[in-house]
Amino acid sequence: MRRFWWEETPYALYAAISVSVLLCLKFILFDDCFGFDTNDDVNHTFVGLHVAKQALSAGELPRINLFNNFGTPLIGDAQTLPFALQSLTYWFVDYPLAMSINRLLIGFFTTLALVIFFRQFFDPWIAILCSLLTLFAPGPFWTLAHHHYQASLLFFTLILLIQSSQKLTFRWRCALLFVCYIMFYYSVSIHVVSISIPFIVGYLVFKNNWRVNKHVLSNTVILILAAAATLPATYEFKELISVSTRMGWSPYSGILPTIREQFLGLLIPPGEWMYFGINGHFSINTYFSIALIFAAIAGFLVLLSNRRKNTGLFLLVFMLGFVPATLAFGIQFNGERMSLFNSVDMTRVWWFSNMFVMLAVGSFLKFLCDSREGYHGRLAFITYSVCLFVPVMLQPSLAPELDNIGEWHIILLMLPIFLVGLWLISTNIKSLTMYPRVHTRKKTFLQFNPAFGAMCVAFCLILSLVPTMNIILGASSKNCSVPNHYFALSNKATFQPNHILDAMKPYSRMASVISPVRGFDLKAVFGDVLGSNARALVANQRLRRIFEKQRLIQIDDTYFFSPPWQFDKLSALGIRYLLTPGPDKSLEKNNWKVVSQDTQRTGLKLYENPDQPSIVRYKHKGRWLNLHNFSLRPNGISIELPNVEKASLLQIAFFNREGWLFNVDGEKVESYSSDLGMIEIPFMPDNKTVEVVYRGIPIPLWVRAVFYLSVFAFVSLLWLGPSRRRSDAS
Amino acid sequence: MQASQTKLTIIFLAFWTAVVGLLFVHTSGIVHVPLLTFPQARGNLFFLQEYEKTNILGIGEKVIAIPHGIPFVHPKRVKKFQKENIFVGASRQEAKRMVDAGTQDLDEVLYRLNIEYKSVAFLRIGKDIYGVPAIDQESGNPFPIDGWNQYDEKLIGASVEEARRYMDERNWTSN
């Protein structure tokens, strides 16, 4: 096995730094430009972490975001990840800057980890190339922008490296692996973690040629212990997602309708030639490029022919590279009938299988470089060049839909054949038929040829990354004012226009009559205003059904409140403000006043409910009266009850979901749900205070037992592990 | 590290640096690199109606009539369109005429005049001028016009001038 020598460190560091610099492209070039996405990052990560910080600062676990959609759980929300490693940055700097720093650091360390990984198999420059190809594959590169995905390759690679380390003692390896698994789980979306598990389990098995040795066993035991230790969180997530509006939602299938389009999408980014309003990551997600695919296939053939000599590498490429990549392709585009997969994006399998497919690419380059294979290497390179050139010739007849693609694709496909032509001109054609030419001591151009072909292929592969980088980084817009996936101006991270948020009273509730993707309801938290529309992975199905049945909402990217207005119900939900995209005559006829507006740019109008409802109210003599003596705390609300003459009913405008704990004067009580699903608590004249706290989904005893047992087992394993036994014996 | 490996690594990193540098230069606007312009396909596929066991769809400037049971065919695959009896017209009504006639080759078809006025494209059949909502180049979709459905043709005059007057009098505006 090759080892990473310290004299190679500067080159690896250079590659890692260049990746970080590239990830900060517009951050460096344009003023007030930061690296964040105006959708998931702003609407979810910044909002969720803001609430999480408040809870943690108060010494509580961040269990619920009261400001989102009548209370949305936080721990089960895979887009917040309050305990992620990358969440630390948000404690020290503003959120847009924190995200920019995270991308820079994660890009840097991921590149380094990947280089060390590939260096086990290849020469330094091939290792660096494979690292770049893995990191800048559209899937991982696109999602490096997102808080809940960006650390996936980093932890995955670290785990593989620790697993296979020969230098670490048993105790160190177990401890590091356990910590890495836990950090992986809490730093990356659970869906991605679960996809990575087969790769993590299979890596050593296949690398060791199907041998299950003590390393494999100990690694598997640690994985199981880590899974057990995170079982409470997994259980909570499972309970929340099973009742979420996301179940059965299938946005990932049918994007590329037939196998033809699916195949072409591998060769050229779909956004350049496909209709159906492809946008977002679907415009680039499936792109691998012809150059990469042919290099991978060529590498696979090289490994296949040498499989007896290097079975482990062959198995890694085949079982962890090609097989899962092909399966994921089939399921992604044709799996809408499979309920287990139809709400998930199966191309995420490629994030991990790519690493092993790149082993094939690296093997091909190694084959080309190997001076002992001079003749075969040259032949392979010429064949590869011709294979790249043929599609260019056949495209007009075979794929007329690719007429208008970028010229860059054509140039990179023609580059190798062009270089072959140059090579043939500059060297003697006769020399190509001389085999072997290994004993000459004279330095001729031919002695460099093996690497020349490999370098040409490498250049081609790097050039094939450019369309991905161009689209994802938004290079062609040449500014930061048009927000794109990777960069935006700092003000896009906040509720805009600001003066509209300032016009709303803190701890009151608003609803925007606008698609939730704009994030007004979510970003209202920065002004301590509670939002009503739904946009979260764990938005509750039951609540949506209630609102839908009452005809209060329009379904669009989850849902938002919309006319025709039912004013009594809006007041019952505590909705004091409505943010509309323009004038609303129905509201104006019913005495809703415009308290703020933005006529210049957006046309937004903020209407105030004449009832000025509070999120807390109580029943008095048959009428509902607002109650303002309350304080919101992390995970709950404390209310000072009014003086009443007889038994009364308190209503709190939070969704009465499982997990709330209700206390009246310190004693636990039962609650009820209103017609609209809100919390209702009866109270007596002598009651003084009500405390409502969200404790999360109740975790069953057996889950807690598994957690404690796993921690105990891990500690025991470390204590009684082989190192200690050897030292005891001596 | 062997000298040859060092050399190869440096060459490779130099190339990579050049690519990164190119992206910086292009993004900054200092130099416009035409090769780094990757055209993005524009326009959504709109389902307009079902007619005589045919789905009438709009995409960009075209209206296509696809017989039931035929899977998606990319609009640029002209030969495939002919093979599958998929007709391409310039308006919804023209597509229906093609379906009625059972052929794309009608005696009279709408010809684009390359004139757009008030978000309406002018087309000609014989001596008559028809209008169809023009395509917004930004989105690739027809401009939304009050009271005028996307892809619908309207007879707007016997000459271009008359058509312009018709547009002025009706005050057609897009949203």
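These legends describe close-up views of cysteines in a predicted model. Local features need pLDDT of at least 70 and side-chain atom pairs count only at pLDDT 80 or more, while totals for chains, interfaces and linings use all residues; side-chain values use heavy atoms, with hydrogens and water left out. Residues are numbered from 1 along each chain as its sequence is written, and chains are lettered from A and ligands numbered from 1 in the order in which they are written.

**View 1. The disulfide of Cys33(A) and Cys480(A).** The sulfur atoms of Cys33(A) and Cys480(A) are 2.0 Å apart; a disulfide is a pair of cysteine sulfur atoms within 2.5 Å. Over all chains, the structure holds one disulfide. The link of Cys33(A) and Cys480(A) is right-handed, with 75° about the S-S bond.

**View 2. Where the two ends of the link lie in chain A.** Cys33(A) is in strand β1 (residues 33-34) and Cys480(A) in the loop between α20 (466-473) and β4 (488-489), so the pair ties together parts that are 447 residues apart in sequence. Helices (H or I, at least four residues) and strands (E, at least two) are DSSP runs, numbered from the N terminus. Cys33(A) is buried at 2% relative accessibility, and Cys480(A) is buried at 4%. Buried means under 20% relative accessible area, exposed over 50%, and partly exposed in between (1.4 Å probe, protein chains only).

View 3. Cys24(A) has a relative accessible area of 5% and is buried.

View 4. Cys456(A) is buried, at 3% relative accessibility.
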